[in-house]
Structure formats: C-alpha cells, structure tokens
Amino acid sequence: MEMEVDTGSTSEASPPSNLKKLGLKNSLQTNFGEDYVFQIASSQDIPALALSLSTNVVKLYSPESGQYFGECKGHSGRIHEISFSAPASPHVLCSCSSDGTVRAWDARSLEQVSMLRAGPSQEIFSFSFGGSSGNLLAAGSNSQVLFWDWRNGKQVACLEESHMDDVTHVQFVPGQQNKLISSSVDGLLCLFDTDGEINDDCNLISVMNVETSVAKVGFFGNENQKLWCLTHIETLSIWDWNEGRREANFEQARSLASDQWNLSNVDYFVDCHYSSTEDLLWLIGGTSSGTLGYFPIKQNSNGTRIGEVEAILEGGHIGVVRSVLPASSDQISRGIFGWTGGEDGRLCCWLSGESDLLGGNQSWITSSLVMKPKKNKGKGRHHPY
C-alpha cells in the first residue's frame, strides 16, 4: 500500500506537470458503522483528531495510526462545528450544536467540562474565540450573533438586527481579534468591531452582500486582508473585507473547476485552504464518487481565475466528502498530506509520497464499506447549514 504520486494519466488530455495524484490502497478497522463524518479538527498541542459524526457525538483518533481513543457524548442535536480553540486550554475541544449549546470537553478524559446555552429554541451553527482579551466567544444562531465571556460563562451581548436569517458562520479576524465577520443564509457578510459595549448600532462596521445564502468564509493573504466565501449553491467569491469590496465572483465555479482537470465534473466544494508559505489559496472540489481536487486561485494583473488542478485525492472515498483537514507544517515534514471524512462513513489519512518518513506507518482508510441508505433531510449535504 504505497501512496501514489503520478505525473501520468489514462486520459488523452495531458495533466499539468506539477500535478500530484494521491491515492491510498489499504484499510484500518474503526467503528463508524454508517455514521457520516461531518468535520475533522486537530490540535497542535496534542496528538489527536476529533471527528463530529451524524450520531451527535465526537470521536477522537490518533492522526498517524487511526487508533480510536474514545468519544465525547452529550449533544442532543446535530453538531455543526468543532475546534480546539479555547483560550489557554490546548486539551479542550469545543463543539456547538442544534441543541442550542456550546460545550467544552477535556480531550484526555473525554468528559464535558463546561456548557453555554442559548435561548429557547435557539440553534448554534458556528462559534469563534477572539476579542481584545481573547476570551470573547461569538456564536452564530437563528438570525442572531451571541457573545459570551468565556471566563465566567456570562452572555454579554446579542446582535439581532444585522441578519434576517440563520447565521451560518462567525470568525474573528486573525491578527485583529477585536474584529468579527459573520455570514448568513440572508446572503450578507457583516463586519463588527467588538471593543467596548457590543450592540447593533455602534459595532457594525460594514455589510457586504453576497446575494445568495453563505455557507462558509475564511481569511487569506499575508495580512489576512482577503476573504473567501463559499455559498450553498456552490459559488465562490473573493473579497477585500476591510474595504467591503468584492474582487472576484465565480458564479459558475463548478464548471470552471471541471474544465481544469480531466476527470468527471466537480459536483460540490468542500472548503478552501490557504498556504501562507506559498501565499496561495486552493479551492477544494469533489465528485459524488469521492474524488477530490485542489484548484489554485490565481490572482494577477489580468484578474482572478481558477487554475489547473494541482493535487488529486482519489481512491479513498466512495461518497461525498464533507471535511478536509490539511496537515500542519510539522506533520507535512513527516510525510502526511492531510485527512478527509465524508458521507461514506470513512476517515482517510493521505500521505505526500514520503511514507518512509513515518517510520513504517502508511496512509490508511477506515474499512467500513457499507453502502449508505437514502439520505434523509437531516443528513443531506445540501441542507443550507
């Protein structure tokens, strides 16, 4: 079972010379059964991968061997986001859910250590830590952005006039932790300054209109001055968030990406990934059969375009991929490329081709090959959040 790095292709079209074709051909037994993998998160401080599953639990695994550590169980609704981001707590994993809670778990004992609850019938779709002190927790809820002081668990603000629909994503600006971006099903991106007393009248700096329901946003650029935005209809836009200006809008992003490789059509986008060392943003697209492609976003004086595919992850999944977690710089130096999880109930570890650096460890895949039943509304990928 070797990780393949190909420069050839069976198609008549010639792939770009820098193409990496990454595949894996072995399996490791885990215990997902028919659970969907929604999201993968990791910590730079502890050797663990956290996975949120469709059964409303979080399971932890070894990132290099796939060994199962245990699960965090307590949510009664779908888990929308997980992250090792609690202030000064490298062993704490946080999660938010449709049950209206943000929960913190000790990744060593797997025990819940704290819980914050929104109001009645509220769901929480996203959260982020920031603020001038680093202890401000922002959460996206039903047309509201909620704020807590993480140190005492007290809710300090609720912004309810900026968005008209569910707030799908919130994120503090890296390096400017007093500023927060929120996105929503209403198609708006809102920029807030969270210093001082937080309210809709004084803290809303600017509003950017994407014009369609926003799924996810992220920062990129040497000074995080740019913002990428993926929507629920699979479009991509690029913004200068400080100026509130849209620099590029790819309404036919799937077609444009499909034209940049010689495989089947790109059906959806999973995420974007920014490499600070290369100052390059990749758009990650996938097929319904589980193949992934990394498409570079090329920006120059002639404009912005989706470039030729630079990496293909093939042979690991047999269904829609929900999450891609790139390896850290330390893990990359040991030959790991990253991890993926999806609706086929598989977690895959991908190598960069230097598998000998892992001391005999190889890329691996969960071995459950059970065909999935028909997707219901609770699990369907195109549920807007």
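1. How much accessible surface does the protein chain have, and what share of it belongs to carbon and sulfur atoms? The accessible surface comes to about 16400 Å², and 44% of it belongs to carbon and sulfur atoms. Accessible areas come from the Shrake-Rupley method with a 1.4 Å probe; for residues, only the protein chains shown count as cover.

2. This is a predicted model, in which local features need pLDDT of at least 70 and side-chain atom pairs count only at pLDDT 80 or more, while totals for chains, interfaces and linings use all residues. Residues are numbered from 1 along each chain as its sequence is written, and side-chain values use heavy atoms, with hydrogens and water left out.

3. The protein chain has three helices and 30 strands. Helices (H or I, at least four residues) and strands (E, at least two) are DSSP runs, numbered from the N terminus. Of the 385 residues, 56% count as buried; buried means under 20% relative accessible area, exposed over 50%, and partly exposed in between (1.4 Å probe, protein chains only). Among contacts (heavy atoms within 4.5 Å) between residues at least 6 apart in sequence, 45% join residues at least 24 apart.

4. Four strands form an open sheet in the order S10-S11-S12-S13, with antiparallel pairing. Strands S10 (126-130) and S13 (154-159) are at the edges; each has a single partner strand, so one side of each has no neighbour in the sheet. Two strands pair if DSSP finds at least two bridges between them. On average, neighbouring strands of this sheet are turned by 20 degrees against each other, direction ignored. Axes here are lines fitted to C-alpha atoms, for helices over the stretch in contact, and angles run from 0 to 180 degrees between N-to-C directions.

5. Within this sheet, strand S12 (residues 145-149) is joined to S13 by five bridges, and the two run antiparallel. Tryptophan 148 stands opposite glutamine 155 in S13.

6. A salt bridge is a side-chain nitrogen of Lys or Arg within 4 Å of a carboxyl oxygen of Asp or Glu. By this rule the count is 13.

7. Aspartate 240 meets arginine 245 at 3.6 Å, N to O, and aspartate 240 is buried, at 8% relative accessible area. Glutamate 243, exposed at 55%, has its closest N and O atoms with arginine 245 2.9 Å apart. For glutamate 247 and arginine 245 the corresponding separation is 3.4 Å; glutamate 247 is partly exposed at 27%. Salt bridges that share partners join Lys226, Asp240, Glu243, Arg245 and Glu247 into one network.
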